[in-house]
Amino acid sequence: MSTAKSISGDFLLAVEGLTVSFDGFKAVDDLSFYLDPREIRVIIGPNGAGKTTVLDLICGKTKATTGSIKFAGKELTKLKEHQIVHSGVGRKFQTPSVFEDLTVFENLEVSYPQGHSVIGALAFKRDTAVIEAVEDVAKTIFLTDVLNEPAAMLSHGQKQWLEIGMLLIQKPALLMLDEPVAGMSVAERKKTAELLRVITKDHTVLVVEHDMQFVGDIADRVTVMHQGKVLSEGSIEHVKSDPKVIEVYLGH
Amino acid sequence: MFDGYTSSELMSIFAMQGFAGLSLFSVFVLMALGLAIIFGQMGVINMAHGEFMILGAYTTYLTSGFFQSYLPGLFGGYFFVAMILAFFICAALGALVEWLMIRHLYHRPLDTLLATWGLSLIMQQAYRSIFGAREVGVDLPEWMMGAIPVTDMVDLPINGVFVMIIALSVAVGVYLLMYRSGYGKKVRAVVQNRPMAEAVGINSAGIDRATFALGCGIAGIAGAAFTMIGSTGPSSGQAYIVDTFLVVVFGGAQSLIGTIVSAFGISQAQSTMEFFLSGSMAKVLTLLVVIGILMIRPEGLMALKVRR
Amino acid sequence: MKHSSLMKWFVSREGLYYLALAFLLVVLLPLTLDSFRLNMVGKYLTYAFVAIGLVMCWGKAGILSLGQGVFFGLGGYCMAMFLKLEASTPEATAIQSTPGIPDFMDWNQLTELPWFWEPFHSFSFTLLAVIGVPVLLAFVIGIAMFTRRVGGVYFAIITQAIAAVLTILIIGQQGYTGGVNGITDLQTLMGWDIRTDEARNILYFICVGMLFLCLFAARLVQNRKLGRILVAMNAQEMRVRFSGYDVAAFKIFVFCLAAAFAGIGGALFTLLVGFMSPSFIGIVASIEMVIFCALGGRLSILGAVYGALLVNAAKSGFSESFPELWPFAMGALFIGVVLAFPDGLAGLYKSYVMPLENKVFKRNKSKTAPVATRQTAEKVDDYSPMNDTYSPEKS
């Protein structure tokens with residue numbers, strides 16, 4: 001991975017020398033990796049490897065101690081969370097966080113990228129463009145039938161999809177998903193993999209996942225993290241046969 | 001504001017006001033310790049904390065009256081009896097309040113704040129009905145009167161020194177309890193990870209009740225100490241509540257040392273400024289500085305940077 | 001709203017709730033109460049402004065301010081300063097050593113009007129300041145707190161400290177503020193004597209009018225996407241933030257809105273009562289305002305009005321006959337509302353009165369539209385102001 005390439009801007013996301021320390025403990029330590037446009041990248045690693053922290057750093061939830069995160073040529077480390085969202089990064093959390101009191105339709109509508117300022121939210125009108133966009137996304141995430149149900153009534157898997165849908169409607173260039181299939185049934189997992197394949201037709205996706213079967217299903221490339229650092233990177237076969245990886249992770 | 005004072009005069013003024021501020025410091029530490037324990041462990045703000053303190057003060061008042069009437073020979077030692085009584089009475093009431101009210105509200109910290117405010121209104125009015133609206137004072141035992149001369153200009157009143165010794169002993173006691181005892185280990189376990197603590201068999205509800213009772217009990221000791229340096233009225237507790245909250249928040253909610261450092265800083269700042277400005281302006285300025293610092297550092301002075 | 005939809009709203013259930021309140025305040029109370037009592041009701045209503053603001057700020061957005069008295073007081077003081085200047089003409093204050101300045105300044109050896117009093121000679125400036133000063137302070141506090149992510153109990157405690165600071169400041173600076181007595185002896189508003197029964201009645205109706213304006217403003221906010229964001233922020237702040245919203249901006253907005261309402265209430269209070277003092281600002285007064293909102297139901301703007309009316313009426317009633325019992329009642333109210341009825345009167349109304357209402361409404365419906373579908377029945381429920389749910393109007 002040459003730095004010359006990152007400057008030329010071929011990468012959608014270039015993370016370089018990223019470090020964050022919590023009272024001296026380096027949760028992410030001098031981490032670098034690069035994402036191509038339309039790539040599905042999965043980050044795996046043992047517990048406490050710093051996977052979720054990486055997502056936190058990219059989306060601005062946690063501020064980096066040093067290092068840079070360049071997204072489509074834009075430095076993200078200086079931006080606030082909502083600005084990062086506006087520049088095209090969407091983040092799904094590990095536990096589904098949807099608005100339980102609102103209906104599925106309203107959940108998606110709230111996420112629709114319009115009327116995000118105070119004044120805008122006051123003036124926001126539900127026009128046909130909004131309705132079409134919501135119905136469109138609802139179809140993608142298999143929730144057309146429950147559009148008018150409150151989100152609290154959805155199953156765990158449906159809530160996960162809804163949250164993915166709430167990201168999709170923002171039309172982000174990069175989607176970050178933290179354990180999207182955790183707690184899902186086998187059938188739901190299959191559908192989620194299908195959903196991700198549809199999504200990657202026009203998005204770049206960064207996934208943190210434990211389920212190796214699922215990782216094998218979806219990943220273009222895999223980054224293995226260990227103690228805040230990159231241990232190995234490449235195709236799933238490549239990392240699976242990497243002795244370092246076998247020692248710290250798969251060997252257990 | 002220092003115009004017109006020579007440097008040696010300024011030194012004496014600082015020393016004098018510094019010692020005067022120590023009484024305030026003692027009250028802050030005693031009040032804040034109880035609040036901080038409760039807030040640190042359960043995230044609960046006990047707005048009736050000042051009233052628990054006053055309960056301790058009235059307990060001391062009654063005890064001193066009892067000794068005066070029935071055990072005049074032992075009057076010199078009544079304070080220690082009163083302090084122990086105050087602790088247990090307040091702790092018992094605290095446990096009752098926790099059981100009736102607080103435990104239903106753990107997931108709603110803002111509501112706890114309102115409910116305990118209601119409790120404080122009731123307690124205040126109860127004091128007014130029982131003891132009257134007038135402030136009452138206790139007679140100091142003889143050994144607590146007088147002063148220790150430090151320099152020509154500065155005398156240290158013995159009662160003030162005594163109260164400070166109590167405050168620091170309680171602080172040390174709390175430290176030992178929280179960091180050197182099995183109970184403290186359990187408390188910290190519950191703070192850090194409640195479900196996990198429960199999973200390894202810690203009775204977290206019991207720990208909550210004990211902690212709330214302990215905090216209230218310390219407020220009782222604070223009240224006993226309070227009678228040594230001031231008189232007690234039904235709303236004396238309320239006068240300190242905002243300051244003490246700021247002490248706790250400023251120190252960083254879960255840091256014992258932070259609480260003491262911030263109690264010291266705030267009491268000293270207020271006392272020193274009082275000499276140069278009017279009392280009210282000193283208070284305004286102190287509060288504004290604290291609020292200002294909290295805006296820059298909302299997590300308080302001593303809070304750890306943790307992963308959230 | 002078009003004319004026909006306006007009519008439709010008035011006969012909708014929500015419209016009827018508003019009409020009922022209007023009937024109570026505009027017809028029933030003025031007809032049954034004497035001028036003195038009506039003035040008292042007006043005074044209670046000025047607190048309803050604060051309570052409506054708290055519904056938006058605390059009930060919806062989850063930001064508990066224990067310092068709303070500050071904004072109420074600032075609005076009130078702005079108005080009081082104007083009225084005091086009008087009352088302190090050189091002729092009326094000829095016996096003072098410095099005629100033409102308010103009496104308390106003269107007592108405190110001030111010889112000229114402080115600079116910040118000067119603009120309050122102008123009525124239009126005063127009207128601006130009544131809203132502007134509280135909003136400005138709320139904005140500064142909001143910027144400082146919300147952009148630093150200070151929230152929850154920390155915010156509550158800090159707002160309480162601010163209430164303490166302002167009270168101490170006003171009491172301490174007697175010469176500039178009138179001290180603990182406040183600003184008293186207010187007589188005329190641009191030559192109009194506000195102490196007569198007639199003037200007080202007129203002021204009462206102005207107060208009611210302003211109250212409805214504020215209610216409609218609050219309703220507008222809650223029914224727009226803005227309102228949904230506020231509620232969503234309360235439950236899932238993180239998700240709102242990562243849906244691309246600047247959470248701090250929304251918090252600042254709603255805090256300023258509440259401050260504006262409180263300021264208007266305070267100014268009307270000064271007009272109706274004829275003076276303003278620090279006792280309406282401090283910690284105790286400020287936290288009492290929260291109970292007006294909590295009793296009414298923290299999510300219901302109409303409930304807030306009833307809450308303010310009831311608590312204050314009860315307070316006056318108790319203070320007249322059993323003053324020593326009032327703190328017990330107030331304390332019990334705080335505990336009871338929080339422990340047993342977190343949704344307040346609005347919640348009780350919803351669970352006990354509304355089912356009866358539903359029967360009536362359904363009967364009416366079946367008379368007029370025998371083929372009422374499940375959908376339309378649900379629609380009626382959606383319009384209830386008590387739960388303030390958003391009704392999807394899919395086109």
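This is a predicted model: local features need pLDDT of at least 70, side-chain atom pairs count only at pLDDT 80 or more; totals for chains, interfaces and linings use all residues.

Modeller: A salt bridge is taken here as a side-chain nitrogen of Lys or Arg within 4 Å of a carboxyl oxygen of Asp or Glu. The contact itself draws 26 residues from chain C and 36 residues from chain A. The size of an interface is often given as the accessible area lost when the parts come together. For chain C and chain A the buried area is about 2900 Å², and carbon and sulfur atoms give 61% of that area.

Turning to chain B and chain C, we find 40 residues of chain B in contact with 39 residues of chain C. The area buried between chain B and chain C is about 3400 Å², with 83% given by carbon and sulfur atoms. On the chain B side, Leu110(B), Leu114(B) and Met295(B) supply 19% of the area that this chain buries against chain C, which is more than any other three residues supply. Across the interface of chain B and chain C the rule finds one salt bridge, and the side chains of Asp111(B) and Arg298(C) meet in a salt bridge with an N to O distance of 3.1 Å.

Two packed helices are described by the angle between their axes and the distance between the axes. Between chain B and chain C, helix α11 (residues 279-296) of chain B and helix α7 (residues 152-172) of chain C have axes that come within 9 Å and cross at roughly 155°. Since angles over 145 degrees count as roughly antiparallel, α11(B) and α7(C) are therefore roughly antiparallel to each other, and their crossing is left-handed. The residues of α11(B) that meet α7(C) include Val284(B), Leu287(B), Leu288(B) and Ile291(B), and among those they meet in α7(C) are Ile158(C), Ile162(C), Val165(C) and Leu169(C). By class, this contact of α11(B) with α7(C) has 13 nonpolar, two polar and one charged residues.

Within chain C, helix α3 (residues 35-60) and helix α12 (residues 247-273) pack at an angle of about 175°, with their axes 7 Å apart, and α3(C) and α12(C) are therefore roughly antiparallel to each other. The residues that make the contact include Tyr47(C), Phe49(C) and Met56(C) of α3(C), together with Phe255(C), Phe261(C) and Leu268(C) of α12(C). This contact of α3(C) with α12(C) has 17 nonpolar, five polar and one charged residues.

Glu320(C) lies in helix α14 (residues 301-321) of chain C and Arg37(C) in helix α3 of chain C, so the pair ties together parts that are 283 residues apart in sequence.

Finally, Phe123(C) lies in helix α6 (residues 123-146) of chain C. Leaving aside residues up to four places away in sequence, Phe123(C) touches Met79(C), Phe82(C), Leu189(C) and Met190(C). Phe123(C) and Leu348(C), by contrast, are 225 residues apart in sequence and 44 Å apart in space, C-alpha to C-alpha.

Conventions
Residues are numbered from 1 along each chain as its sequence is written. Chains are lettered from A and ligands numbered from 1 in the order in which they are written. Side-chain values use heavy atoms; hydrogens and water are left out. Axes are lines fitted to C-alpha atoms, for helices over the stretch in contact, and angles run from 0 to 180 degrees between N-to-C directions. Helices (H or I, at least four residues) and strands (E, at least two) are DSSP runs, numbered from the N terminus. Angles under 35 degrees count as roughly parallel, over 145 as roughly antiparallel, 65 to 115 as roughly perpendicular and the rest as oblique. A crossing is left-handed if the near helix is turned anticlockwise from the far one by less than a right angle, and right-handed if clockwise. Contact means heavy atoms within 4.5 Å. Ala, Val, Leu, Ile, Met, Phe, Trp, Tyr, Cys and Pro count as nonpolar, Asp, Glu, Lys and Arg as charged, and the others, Gly among them, as polar. Buried area is the accessible area (1.4 Å probe) that two parts lose on being put together, summed over both.
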